[in-house]
Amino acid sequence: SPWKPVLLLLSSPAFSTTCARCAKDRRLREKRAISERRLTRYFVDQRKVRVVGGHGGGGGHSFHSEPRKVFGGPDGGNGGDGGHVIFKADQQMKSLSSVFPFYQGFHGERGGSKNCYGANGAHLYVKVPLGTLVKEDGRVVADLTQHGEEYIAAYGGAGGKGNRFFLSNENRAPMFFTPGEPGQERVLHLELKTTAHAGLVGFPNAGKSSLLRAISRAKPAVAAYPFTTLNPHVGIVHYQDYEQVAVADIPGLIRGAHQNRGLGMAFLKHIERCRFLLYVVDLSVPQPWVQLQDLKCELEAYEKGLSERPRVVVGNKFDLAQSRINLPLLRERVAERVIALSALTGDNLEELLLHLRELYDTYVKTEQSRGQSPVKW
């Protein structure tokens, strides 16, 4: 039809630069969820980094000369300093996967004529997550726990001196100048320890990931086999007064975890930064109080006093018949408060959320009484 091109022209939007048949679908698509197996490739909690500061610029070498002033004297300026390599804590970073194994600072520029100094090299900032430890030869040199906290990993070299710098009454025409100094070179080890208010501690298949999905918007992988969670997940619990409590899902521990069985050392280090602990036990297994004793022994063997932090025992899978029988037996054998709930059905989650807020408020008051600022999310 002769009217078809006209109809296509009228139906297309005024800002379109292509025809309707060739236009691509530009609608925003929902971000695809990453499985736990694929997440292991993106979550990195250790990294070896070689950092080198920028080289300083060399000093200038020139003599001033213009009409009627042939012997104007030396006018070579100094070179610019090299840039530093700086680690900066950023709360939006959750892993060390974006940190490269090598960083080189920007170099300073060479000094010019007419007493012009060379420009300093720009500083190179490397963003790292909160809770990053910087180690050198096994010694901790920095602990980045606050947002915006910085640590100079490698200093840039100083700029060289131009021949103008060496002008004196004894030497009216200095011919020498100095090159820029090389930047500092170091090999550092970065280690990430998850910074959260509460930590879910339990054996594999105790229901920690299901509980985190029930009380927050985090979506860790959930399955019926052990070690489903391979990396720590942090979920945020929101309250009506806009307070936010961060809860970390620590991968399951096993007996002998303090001896690095089952990647125990890699899991236990993430519990060090938690201010209070939530022991998650499976009420449906025979003698669930044995699980609690084993968990405390593993934490105490890893770091003395770690198991005595503010804590509460969460008895999960209360919807099963065997769990109702084991609940009174568990309460008789433990001194801590026991909160029975079901992460699958959502029963009695309110009691856990209220007690979690009590632990958080106590932590905030304790930090403020010490003159320290509590960690906020």
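Modeller: Gladly. Gln-146 sits in the loop that links strand 6 (139–144) to strand 7 (150–154). Keep in mind that this is a predicted model.

Colleague: Which residues does Gln-146 contact, sequence neighbours within four places aside?

Modeller: Those contacts are Ala-89, Leu-130 and Ser-373. Gly-131 is 15 residues from Gln-146 in sequence, with 8.0 Å between their C-alpha atoms.

Colleague: How should I read the phi of Lys-317?

Modeller: Start with the general idea: most residues other than glycine have a negative phi. Lys-317 is not a glycine, yet its phi is positive, about 65°. This residue belongs to the loop between strand 13 and helix 6 (321–333). Asn-348 also has a positive phi, near 65°, and lies in the loop between strand 14 (338–340) and helix 7.

Colleague: And the nonpolar core: which residues touch the most other members in the largest one?

Modeller: That core has 27 residues, and Leu-211, Val-247, Phe-276, Leu-278, Val-314 and Leu-356 touch the most other members. Among the elements supplying at least two residues each are strand 11 (244–249) and helix 7 (349–369). Helix 7 contributes the most, seven residues.

Colleague: What does Val-247 contact beyond four places in sequence?

Modeller: Its contacts include Ala-198, Leu-200, Leu-212, His-233 and Leu-356.

Conventions. Residues are numbered from 1 along each chain as its sequence is written. This is a predicted model: local features need pLDDT of at least 70, side-chain atom pairs count only at pLDDT 80 or more; totals for chains, interfaces and linings use all residues. Side-chain values use heavy atoms; hydrogens and water are left out. A nonpolar core is a set of buried Ala, Val, Leu, Ile, Met, Phe, Trp, Tyr and Cys residues joined through side-chain atoms within 4.5 Å. Buried means under 20% relative accessible area, exposed over 50%, partly exposed in between (1.4 Å probe, protein chains only). Helices (H or I, at least four residues) and strands (E, at least two) are DSSP runs, numbered from the N terminus. Contact means heavy atoms within 4.5 Å.
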